[in-house]
Structures are given as structure tokens and as C-alpha cells.
Amino acid sequence: MNLLESSLSIKKVVAPEFEIAFLLPKYWLTWLSVFILYSVSWFPYSVQKSIGKLLGKSLKTIAKKRYNVAKRNLELSFPDFSQERRQTILDANLDNAGMAVLETGMGWWWPTWRVTQKAEFEGYEHIEAILAKGKGVLAYAIHNMNLEFACRMAGLKYPSVVFYRKHNNRLMEYISYHGRKRSNKYMVNKRNVKGLISALDDGELCMYLPDQDYGRTKCEFTPFFAVPEVATTTGSLLFAKQANCETVFLVSIRTDNGYKIIVQPGLDNFPSGDDKYDVTRINQMIEKMIMLAPEEYLWMHKRFKTRPNADDPSLYD
């Protein structure tokens, strides 16, 4: 390996190659699941929406723990909502969770012309203005459940660089990597901070999702909806501080005709030097993005798991 190849391997996730071992019996169930998902991805979109709803309704039984987490998150986030309103959001959230499975197949295997038919963009000029300055774009996105398809859409507009977590199943790692790379530049391992900073310095569009509970390390406890002290990563500030970049906020929502990616401008005086103030403002922007379509957000993640004091009781007991 020469010096250039060595530097690139540090910067990028190395694309997995097909292995003969993938034909062994231990991968047959994976192959069957992939075959079904691939086949369904070719169905008319209206049919896939119906199948997605059926899958979503089944999650109430087969993913009871996740269902209860989503229910609890809505209770904590929206105590002023009536029980009926929260239940309406939760029921629609299940529908979206089922559809998310199929949107994964759409994102990985749909031909470009089919993705383009369903893609709409609003506010993309904010990204173009930053790129025109020769700077990188750090796009703060959120875990809406159509994210796999949204990443494919975004890459058709401008190929991006994203943080990437390897799949434990080697065959799924092979399939998911190549599916996600179809319209994007390359992936950076989620622990490779220098790799993402380097990409931003190279003037790339990079995605970062700051809206989950990443634990007590490198975080501030700030408000998120009605919960006053929520573990909020300061990792989102590290890239903005060290890289030659500017920030935007990005959210993807489902529309009557397909999907829309909405880009909103970054914050003024950011980073300000006050980490707690800055991540509080990020949370406020995330709240606004979620409320565009609260039923599409990934409420099934334990967003309030890390407590301000380690001895504080869990909010999920």
C-alpha cells in the first residue's frame, strides 16, 4: 500500500468485498430477507405504503419494548398533549416504522429515475451558498424514519460524506454499504473524528446526527421538549470548531407525492464558545424539525436514558 492509499484508508471506510463465505448456510436467512425486501422494493409505491402500515401494526406485538419506549418518550416530551393526541402520534409512528423497512430497500435499490420522481428539495440554496465559498457543509440532520431513502435523495442532489457504523452481520455490511454508497461519496467510521474533519476541510457536504443519547462523555445536560436535563452531545460542536465549514439543519419528511428534504440555515454566532448554550440552541432547532412531522421521528430510541446524576432513577422504569 503506497502513502496515498494509506491516507485514504484512514479517511474512508474500506468498501467490503463479496466473500464466498456469504454462500454458507448461516447466511441463508439473511439472503431470504434481502430477497424479499428487494422484491418488494419493485412494487408500486402505493402498494408498499399499504404493506408498510401492516408491518407497523405488527410492531406493537413483535417489538413491544420499542413500542413502550416510544409511548414513554411521547409522554415525557408532550405532557400537555391529551392522551388521545399522543396516541394518534404513536399509532402513526408505528405506520412510519413499518414503512421505514421498505424505504431502506427503496434507498438501496431504486433506480435513479424512480428516486427523482419522489424527491423534492426546499432551502437547498443554503448548502449551495456555503459550497460556493469553498467551505465544507456540516449538515445537522435528525433520525426521521425515512432517513435511508433521504440519504439516497440527498446524494442525487450533491453526493455527501456520512458517519458510518459497521453491521455485525458481514453479509448485511456488504449489502448496506454498497446500497448506501449508490449516490454518495464515501463513508467515515463513526469513531473517525479526524476523517470527518478532513472531509469538511476538503469542502465536502457531511451529515451528522446530534439528536440521540450518546452517553455521559462529551455531553451537556440541556432541555429537550419538556424534559429539562437531557444528555446532549457536544461532539456536534467539535467539527464546527475545528473544520473549515459552516452549518445547516436538514430534515426529511414524507409528503403526499413522495419525500421532501428541507434545509434550514445554521445558527448565528456559532459556535459561540459556550458549549451548553450552543447545544441548547441545537436542541431547539431539532425540536422545530421534529414538529414538522412528529409521527415520522424515531421515538423508539431511549433519548432520555442518561440521567444528570448516575444515581437518578431511570425514566423508563
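**Notebook: one predicted protein chain**

I began with burial and found that buried residues make up 51% of the 317 residues in the protein chain. I note here that the model is predicted.

**Overall build**

I counted the secondary structure next: the protein chain has 12 helices and nine strands. The radius of gyration is 20 Å, close to the 20 Å that the globule rule gives for 317 residues, so the chain is as compact as a globular protein of that length. I took the box along the principal axes, and the C-alpha atoms fill roughly 50 × 50 × 40 Å.

I looked at contacts with a separation of 6 or more; residues 24 or more positions apart account for 79% of them. The accessible surface comes to about 15800 Å², and 55% of that belongs to carbon and sulfur atoms. For charge, I have 42 positive and 34 negative side chains. The centres of the two sets lie 6 Å apart.

**Aromatic pairs**

I listed the ring pairs, and the structure holds 22 of them. I looked up two in detail.

Tyr38 and Trp109 form an edge-to-face pair, with 5.4 Å from centre to centre and 80° between the planes. I checked where the two residues sit: Tyr38 is in helix α2 (residues 28–41) and Trp109 in helix α5 (residues 83–109). The pair links distant parts of the chain, 71 residues apart. Are both partners buried or exposed? Trp109 is at 17%, which is under the 20% cut-off, so Trp109 goes down as buried.

The second pair is Phe78 with Trp299. Their ring centres are 5.7 Å apart and their planes stand at 75°, so this pair is edge-to-face. Phe78 lies in the loop between α4 (64–77) and α5, while Trp299 lies in the segment after α12 (275–290). The pair therefore ties together parts that are 221 residues apart in sequence. I have both Phe78 and Trp299 as buried.

**Backbone entries**

Phe225 is found in the loop between β6 and β7 (227–233). Its relative accessible area is 18%, so I record Phe225 as buried.

Lys218 also has a positive phi near 50°, and Lys218 is not glycine either. I placed Lys218 in the loop between β5 (205–208) and β6 (219–224). With a relative accessible area of 59%, Lys218 is exposed. What does Lys218 touch, not counting residues up to four places away in sequence? I found Thr232, Thr233, Thr234 and Gly235. For Thr233 I also noted the spacing: Lys218 and Thr233 are 15 residues apart in sequence, and their C-alpha atoms are 6.0 Å apart in space.

My last entry is a peptide bond. The bond joining Phe270 and Pro271 is cis, with omega at about -5°. Pro271 is found in the loop between β9 (259–265) and α12.

Notes: Residues numbered from 1 in each chain as written. Predicted model: local features only at pLDDT ≥ 70, side-chain atom pairs only at ≥ 80, totals over all residues. Heavy atoms only, no water. Helix = DSSP H or I, 4+ residues; strand = E, 2+ residues; numbered from the N terminus. Rg over C-alpha atoms; globule rule 2.2 N^0.38 Å. Buried < 20%, exposed > 50% of the residue type's maximum accessible area, 1.4 Å probe, protein only. Contact = heavy atoms within 4.5 Å. Areas by Shrake-Rupley, 256 points an atom, 1.4 Å probe, with all protein chains shown as cover. Lys, Arg positive; Asp, Glu negative; His and termini not counted. Charge placed at Lys NZ, Arg CZ, Asp CG, Glu CD. Phe/Tyr/Trp six-rings, centres within 6.5 Å; stacked < 30°, edge-to-face > 60°.
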